[in-house]
Amino acid sequence: MIKLASSFAAIAALLPLVSAQQSVWGQCGGNGWTGPTTCVAGTVCQYSNPWYSQCLPSSSATGPVTSSPPPSSTVSSSSSVGGGGGGGGGATPTISGGLPGATGTQKLNTVAKSAGKTYFGTATDNSELSDSAYIAILNDGTMFGQITPANSMKWDATEPSRGSFTFTQGDQIANLAKSNGQLLRGHNCVWYNQLPSWVSSGGFNAATLSSIVTTHCSTVVGHYKGQTYAWDVINEPFNDDGTWRTDVFYNTLNTSYVPLALNAARTADPATKLYINDYNVEYAGAKSTALQNLVKSLKSAGTPLDGVGLQYHMISGSMPGGLASNIQAFTSLGVEVAITELDIRMTLPPTAAKYAQQKTDYQTVISACKSVTGCIGITIWDWTDKYSWVPSTFSGQGAACPWDATYLKKPAFDGIVAGLG
């Protein structure tokens, strides 16, 4: 009995060691990491960058097997934060999960401007700005020359109750862009979604709702007067079949809310560019035709409108044709075009083949913009998978951004560079 008890004691003593081991693919190190730093049998803790090390199968691990930086305190080109690998014909770098990474070290905004575009930018959100590793890349104006606030300038964030405006979060992003010398895109004035209930369920008559729309657009755009390159004044007004979306604005005001908002925005800031922004208008079809007809109607009536935003939330491997000709169809109407919310999602988990297809797809989209003079810029809808909206919206899909969740560049990055080449 004594021997048996001592055996149980020995086993119990080992349990903390077993439970403290990280499973395959799990994080095992990095600045601020307080979890397990050893890996289960058959895996090793592979250093990726100062903020992330990962348990990889022994056969997949490359380079020094350590959760600390190499002795020189520098990071190799295959694992640098935001570096994504060096060019020059060397071996393809690997990133998280042993998957291939990018080989390019270019700065995207610099490359875009060299290609004749006004900017290459990204969306961001306030909750991400406390992440120091994220901020280190976001703040690089040579990588991102433009910023769009994903949520903090929308109606529910800026006017949660009627006549009571708040700009604290929007100002945080506006001030960040200003300090970095980055262009700022206002997003957005009038949208059927993310409305406070006092708007969507207020039961207002046409005269009152007209006043509410005018006040909201005037106040929000006016608050950022002189700070924005452009504003998405009208966001997603159409259904996919080209009919008008039946939201509170259309149901009460018919189509008159569109010129109402555009005129209010122009009065509030005569210098900013005014856009209509929508998705599934990137290729020829009923929705794209409806938006083109709206642009014609507004221009004919003398309503201020400077641009059309094409969102490009795409599915890898399902890229439609005729992207450049569709962009040209809009620019021929006398407006500029911007790709405003680009990401290209895939079915998870990612593989090398899926990354290769995604690289091709990013190049296809960027090339289409590059080929049309009036396509003035590209904005990705956040640059890292860590903060992508896709997984929470499309079950089983993700990995949509050019950087992975550990801030390493994916082949998609090279696709962007090639598209701008």
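Guide: A residue is called buried when its relative accessible area is under 20%. The structure considered here is a predicted model.

Visitor: What makes E6 and strand E7 a pair?

Guide: The requirement is again at least two bridges, and E6 and E7 (residues 146–149) are joined in the parallel sense over 4 bridges. Here Gly121 is placed opposite Gln146 of E7. With helix H3 (residues 132–138), E6 and E7 form a right-handed β-α-β unit.

Visitor: How do you know that the span of helix H9 agrees with its number of residues?

Guide: Helix H9 has 12 residues, 257–268, and at 1.5 Å a residue it should span 16 Å. Its end C-alpha atoms are 16 Å apart, so the two values agree.

Visitor: Why are the buried residues of H9 said to line one face of the helix?

Guide: The buried residues are Tyr257, Val258, Ala261, Leu262, Ala264, Ala265 and Ala268. Viewed down the axis of H9, they fall within an arc of 160°, so they line one face. An α-helix has 3.6 residues a turn, so residues three or four places apart point the same way.

Visitor: Which elements do the buried residues of H9 pack against?

Guide: The partners include strands E8 (183–191), E9 (230–235) and E10 (273–278). Helices H7 (206–223), H8 (248–253) and H10 (286–301) are also among them.

Visitor: What is Pro350 in contact with, leaving aside its neighbours within four places in sequence?

Guide: With those neighbours set aside, Pro350 has contacts with Leu99, Tyr355 and Ala399. The C-alpha atoms of Pro350 and Gly97 are separated by 9.2 Å, although these residues are 253 residues apart along the chain.

Visitor: Which residues does a cis peptide bond join, with omega about 0°?

Guide: That bond joins Leu348 and Pro349, and Pro349 belongs to the loop between E13 and H12. Another cis peptide bond, with omega about -5°, links His187 and Asn188; Asn188 is part of strand E8. Most residues other than glycine have a negative phi, and most peptide bonds are trans.

Visitor: What is the phi of Glu236, and where is this residue placed?

Guide: Glu236 is not a glycine, yet its phi is positive, at about 55°. Glu236 sits in the loop between E9 and H8. Its relative accessible area is 8%, so Glu236 is buried.

Visitor: Why is Tyr312 called buried?

Guide: The limit is under 20%, and Tyr312 has a relative accessible area of 0%, so Tyr312 is buried. This residue, in the loop between strand E11 (307–310) and strand E12 (313–315), has a positive phi of about 60° although it is not a glycine.

Notes
Residues are numbered from 1 along each chain as its sequence is written. This is a predicted model: local features need pLDDT of at least 70, side-chain atom pairs count only at pLDDT 80 or more; totals for chains, interfaces and linings use all residues. Side-chain values use heavy atoms; hydrogens and water are left out. Helices (H or I, at least four residues) and strands (E, at least two) are DSSP runs, numbered from the N terminus. The expected span of a helix is 1.5 Å times one less than its number of residues. Buried means under 20% relative accessible area, exposed over 50%, partly exposed in between (1.4 Å probe, protein chains only). The arc is that of the directions from the helix axis to the C-beta atoms. Contact means heavy atoms within 4.5 Å. A crossover is right-handed if, with the strands pointing away from the viewer, the path from the first strand over the helix to the second runs clockwise.
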